[in-house]
Amino acid sequence: MTPTLQLCLIVSAALFSIGLLAALSRRHAIFILIGIEMMLAAANLNFIAFWRFGPDPQNPTGVMVAIFSIAIAAAEAAVGLALVIAVYRHYRTTNVQRLDQLKG
Amino acid sequence: MNPWIVEHLWLVPAVPLAAAFLILGFARKRPSAAAALAIIGQLVTLVLAVIAFLPTLQEPGWRAFHNFTWFTFGDQAVRIGWVLDPLTAAMLVMITFVGLWIFVFSKGYMSGDKDFSRFFAYLSFFSAAMLGVVIANSLLLLFVCWELVGLASYLLIGFWIHKPSAAAAAKKAFITTRIGDLGFFLGIFWLYGSSGTLLFYDAGKGCLEAAGLLAIGSSATFIALLIFSGAVGKSGQFPLHVWLPDAMEGPTPVSALIHAATMVAAGVFLVARVYPLFSLGAVDGVTPSLTVVVWIGVITALMASLIAIAQADIKRILAYSTVSQLGLMMVSLGVGGVAAGIMHLLAHGFFKALLFLGSGSVIHGCHHEQDIRKMGGLRKIMPVTFVTYAIGMMALSGVPLFFAGAWTKEEILHATAHWPKSHLPHYLMLAGVVLTALYMTRQMIYVFFGNRRGNIDFQSVRPAGFQPAEPNAAENISAGRTGQSPMFRHESVQESAPVMTRPLIVLAICVIGLSAILTPAWPWLHSYLSGESTHFDLGKLIQPMLFVSLALVAAGIGLGVLVYRRAGATDPLQQILPALFRFLENKMWLDELYDKTVVALSRTAALVSDWMDRYIWDGLVRAFAGIGRLFGSFSAGFDERGINAGVDESVIGTRGLGRVMSKLHSGQIQTYLGAVAVGVLVLLLFYAWLA
């Protein structure tokens with residue numbers, strides 16, 4: 001089976017949906033972070049796919065953006081994990097359903 | 001060019017006024033200092049009066065005045081001033097001279113009174129006010145002083161404030177004279193309106209001079225009558241005479257001052273002062289206003305002398321004689337005998353002061369007993385008082401030749417005889433002469449002759465409302481010593497001290513001496529007052545009228561002696577004509593008549609006004625208040641139910657919206673994320689649909 005743009009996009013969409021589902025349904029903050037990482041990965045996959053099957057596949061522009069995005073995602077994950085730890089220290093829980101102090 | 005005194009004539013009233021204030025300020029607790037201040041003040045005033053008198057002797061009809069602007073408002077300047085002419089000068093000398101001796105007498109009469117200083121302050125004030133009336137060259141200034149005279153009389157008549165009758169008499173005097181003053185005040189307005197000035201003499205521009213009289217023209221009659229109403233009140237003329245006999249409630253020196261020198265003289269003086277107003281447009285010396293003056297005077301003179309016959313109070317008899325003499329003066333002014341009227345006023349000032357001070361001496365000697373039926377036989381006990389009183393009585397009665405009153409009275413009878421309008425006043429005045437002699441004889445016999453009647457109880461025959469001046473004093477003296485009924489003990493009656501008898505002697509000498517300048521042979525005072533030159537002519541001394549009045553006076557005195565010779569407890573007239581006596585004794589029931597008419601009317605008016613005030617005007621005010629309250633409650637309701645409710649509702653709505661919105665903010669980040677996802681999905685579908 002040869003990889004095509006459609007195939008890549010379907011995989012990417014599936015990956016995004018799974019990540020979204022994880023972010024919406026899991027109660028643990030770390031799993032939500034993992035879901036967000038999955039959605040980011042789906043976006044990166046789309047960058048690669050559109051570059052690989054686009055008009056100019058010779059210049060490595062898509063790879064560059066993807067790598068840049070992964071670097072930012074790493075930083076974001078670090079911040080997110082730090083936040084989770086801070087929240088846990090404060091509330092002694094990581095269950096996001098109980099972190100509802102912004103309720104109106 | 002004018003003498004110094006003309007410009008400084010204000011000093012004459014200012015000196016006693018200053019004395020009054022000095023006494024009130026510094027001598028309240030020092031009676032002797034107060035009396036000294038008052039008497040010295042009066043003495044200085046007398047000297048000033050004589051200084052003022054001298055220049056008027058220069059030429060007949062000499063007159064000087066000094067005017068100045070009191071204040072200006074708009075383009076109207078109110079000017080006042082003082083005038084010095086024979087009328088003013090003669091009055092000044094009479095008032096200050098008689099006043100001086102009344103002051104001296106008061107020192108003895110009032111000794112021991114706890115308000116001795118206050119009395120002298122008021123006396124000085126009274127004298128000052130009257131002197132102000134006399135010197136005034138402006139009707140306004142005259143009116144101001146006129147009212148001050150009224151105030152002073154109020155204070156003095158009601159001097160014994162602890163006596164309800166004195167307080168009532170003071171009120172009566174004040175209110176009754178005020179009724180006349182109302183007319184006077186209107187007359188002043190009218191005069192100012194038509195002539196534009198209130199100055200009497202102002203170098204040809206005053207209201208009594210040619211130009212002023214021309215401007216007044218035909219309204220002079222009404223102005224004169226309005227001014228006369230003031231004089232009626234002050235001079236005790238019918239129908240406003242009722243206050244004068246009641247004014248006897250004051251201490252006797254006050255009565256003397258009121259009746260002789262000051263208050264009652266003011267009315268006659270006023271008429272004489274504004275005489276040009278009365279005589280303006282006279283035909284044959286008769287004008288409507290002067291005719292009114294004559295008839296009022298005639299009624300007053302006759303009525304008062306009739307009432308005097310039946311009075312028992314020594315001072316009341318004198319009071320009614322004053323009323324009748326004032327009526328006589330008015331008649332004289334009315335028929336054109338201005339000089340005669342003023343001469344009688346001056347002479348009357350002397351002999352009435354003498355009589356009142358004599359009666360004061362009698363009352364003082366009898367321990368404040370005033371009922372002549374309880375006296376009698378005082379001739380031997382009080383010889384000085386008796387002789388001086390007899391001189392006064394003969395002057396009042398008009399015994400010819402040697403007494404001042406006789407000449408002036410004769411002069412008035414002359415004037416009335418030549419009145420062209422009617423001869424009735426003349427004959428009525430002749431009858432008045434008989435009556436005057438009669439009641440004075442009655443009083444003399446009762447007080448000085450016969451036997452003492454001090455121990456008869458007269459309670460039953462006293463007129464209603466009659467009270468001895470100081471019941472407590474009489475009671476203490478008799479009850480304390482004898483324990484008998486409250487009567488003075490005749491044994492303790494004695495002649496008064498020299499401080500009281502000396503004024504009597506001086507005044508008695510004056511009454512006789514004054515006649516020298518009053519006789520028709522050398523009518524110095526007459527020509528002095530009327531501005532003519534005098535000739536001595538012994539031939540004129542004996543006039544037919546002299547015999548007429550001699551006969552009349554003899555008839556009066558003879559009748560008096562005949563009737564009252566054996567006067568005892570009951571008045572002879574009471575035995576002969578009880579109904580008439582009762583009528584006269586009760587003062588012709590005029591007081592009762594006024595009580596039933598004027599007083600009742602004003603009381604009813606007061607009650608009606610009270611009722612109107614309470615129910616009509618108050619009701620109106622309450623109705624307006626109700627309307628206001630109605631509007632208030634309406635607007636309050638609108639506020640509460642309209643505006644407040646609107647605000648409330650919007651608040652409730654906002655709060656509900658907030659509640660709904662706050663429900664959305666659950667705090668669940670996953671819900672938010674879901675919403676974002678759904679939103680993105682919807683956007684995507686929307687784009688897809690657009691493409």
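Two strands pair if DSSP finds at least two bridges between them; strands (E, at least two residues) and helices (H or I, at least four) are DSSP runs, numbered from the N terminus. This is a predicted model, in which local features need pLDDT of at least 70, side-chain atom pairs count only at pLDDT 80 or more, and totals for chains, interfaces and linings use all residues. Residues are numbered from 1 along each chain as its sequence is written, with chains lettered from A and ligands numbered from 1 in the order in which they are written.

**Stop 1: the hairpin of chain B.** Select residues 64–73 (strand β1) and 76–84 (strand β2) of chain B, which pair in the antiparallel sense over nine bridges. B:His66 is found opposite B:Trp82 of β2(B). Two residues lie between the strands of this hairpin, and B:Gly74 has a positive phi near 60° there.

**Stop 2: the rest of chain B.** Color chain B by secondary structure to find 28 helices and two strands. Of its 691 residues, 49% count as buried (20 or more other C-beta atoms within 10 Å of the residue's own, with C-beta atoms placed from the backbone). Next select helix α12(B), residues 263–273, where 11 of 11 residues are buried; among them are B:Met263, B:Phe269 and B:Arg273.

**Stop 3: the largest core.** A nonpolar core is a set of buried Ala, Val, Leu, Ile, Met, Phe, Trp, Tyr and Cys residues joined through C-beta atoms within 7 Å. The largest one has 210 residues, and B:Val133, B:Phe350, B:Ala353 and B:Val511 have the most contacts inside it. Helix α16(B), residues 338–365, gives the most to this core, with 17 residues. Center on B:Ala353: leaving out residues up to four places away in sequence, B:Ala353 touches B:Val98, B:Trp101, B:Ile102, B:Ala256, B:Ala260, B:Ala261 and B:Leu507 (contact: C-beta atoms, placed from the backbone, within 7 Å). A second, separate core has five residues, including A:Leu20 and A:Ile32.

**Stop 4: a helix pair in chain A.** Select α2(A), residues 29–52, and α3(A), residues 61–91; they pack at about 175°, with axes 10 Å apart (axes are lines fitted to C-alpha atoms over the stretch in contact, and angles run from 0 to 180 degrees between N-to-C directions). The two helices are therefore roughly antiparallel (over 145 degrees). Residues meeting here include A:Leu40 and A:Phe47 in α2(A) and A:Ala73 and A:Val84 in α3(A).

**Stop 5: between the chains.** Finally, show both chains: 10 residues of chain A are in contact with 11 residues of chain B.

How values were computed. Angles under 35 degrees count as roughly parallel, over 145 as roughly antiparallel, 65 to 115 as roughly perpendicular and the rest as oblique. Two residues are in contact if their C-beta atoms, placed from the backbone, lie within 7 Å. A residue is buried if 20 or more other C-beta atoms lie within 10 Å of its own, exposed if 12 or fewer, and partly exposed in between; C-beta atoms are placed from the backbone.
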